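This briefing is for a reader new to the structure.

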Amino acid sequence: MAVESPCISICKFDEKTGLCIGCLRTKEECRQWKKMKDKHRARVIDERPWRKAKLKKHKK
């Protein structure tokens, strides 16, 4: 696997966004991570700043 999993073993999902508060992936992305192509994994990683902002916005 060229793109490592961003998992930090928190695994709690925000109800509003559907994102994990630890790794910022959706449940489906977590499930499919090992089957994803590196291109898709890289996109998920690249979206982390946007996902973090989305999570922060919805926590208010």
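A residue is called buried when its relative accessible area is under 20%, exposed when it is over 50%, and partly exposed in between. By that rule R41 is buried, because its relative accessible area is 4%. The model is predicted. R41 belongs to helix α2, which covers residues 38-46.

**R41 and its surroundings**

- R41 and V3 are 38 residues apart in sequence, yet their C-alpha atoms are 6.4 Å apart in space.
- The side chain of R41 meets that of D38 in a salt bridge, with an N to O distance of 2.6 Å.
- Both D38 and R41 lie in helix α2, three residues apart, which is about one turn of the helix.
- D38 counts as partly exposed, since its relative accessibility is 30%, whereas R41 is buried at 4%.

**Other salt bridges**

- The structure holds four salt bridges.
- E28 and R31 form one of them, at 3.0 Å from N to O.
- E28 and R31 are three residues apart in helix α1, so about one helical turn separates them.
- E28 is partly exposed, with 43% relative accessibility, while R31 is exposed, with a relative accessible area of 54%.
- R51 pairs with E29 in a salt bridge whose closest N and O atoms are 2.6 Å apart.
- This pair links distant parts of the chain, as R51 is in helix α3 (residues 48-59) and E29 is in helix α1, 22 residues apart.
- Both R51 and E29 are buried.
- Salt bridges with shared partners join E29, E47 and R51 into one network.

**Cysteines**

- How many disulfides does a search of the whole structure find? The search finds zero.
- A disulfide is a covalent bond between the sulfur atoms of two cysteines.
- The cut-off for such a pair is a sulfur-to-sulfur distance within 2.5 Å.
- The closest cysteine sulfur to that of C11 belongs to C7 and is 4.3 Å away, so the two are too far apart for a bond.
- C30 is likewise in no disulfide, with its nearest cysteine sulfur, that of C23, 4.0 Å away.
- C30 is partly exposed, with a relative accessible area of 26%.

**Rings and charges**

- The count of aromatic pairs comes to zero.
- The charged end of R25 sits over the ring of W33, at 4.9 Å from the ring centre.
- The charged end of K27 sits over the ring of F13, at 5.3 Å from the ring centre.

**Backbone angles**

- Most residues other than glycine have a negative phi.
- L24 is in the segment before α1 and is buried, with a relative accessible area of 6%.
- S9, also a residue other than glycine, has a positive phi, near 60 degrees.
- S9 is found in the segment before α1 and is exposed, with a relative accessible area of 64%.

**Nonpolar surface patch**

- I8, I10 and I21 form a nonpolar patch on the surface, and together they have about 250 Å² of accessible area.
- I10 is located in the segment before α1, a helix that spans residues 27-32.
- I10 is partly exposed, with a relative accessible area of 39%.

Conventions. Residues are numbered from 1 along each chain as its sequence is written. This is a predicted model: local features need pLDDT of at least 70, side-chain atom pairs count only at pLDDT 80 or more; totals for chains, interfaces and linings use all residues. Side-chain values use heavy atoms; hydrogens and water are left out. Patches are made of residues with over 30% relative accessible area and no salt bridge: like charges are joined within 9 Å, nonpolar side chains (Val, Leu, Ile, Met, Phe, Trp, Tyr) within 5 Å. Accessible areas come from the Shrake-Rupley method with a 1.4 Å probe; for residues, only the protein chains shown count as cover. Helices (H or I, at least four residues) and strands (E, at least two) are DSSP runs, numbered from the N terminus. Buried means under 20% relative accessible area, exposed over 50%, partly exposed in between (1.4 Å probe, protein chains only). Rings of Phe, Tyr and Trp (its six-membered ring) pair if their centres lie within 6.5 Å; planes under 30 degrees apart count as stacked, over 60 as edge-to-face and the rest as tilted. A charge sits over a ring if NZ of Lys or CZ of Arg is within 6 Å of the ring centre and within 35 degrees of the ring normal.
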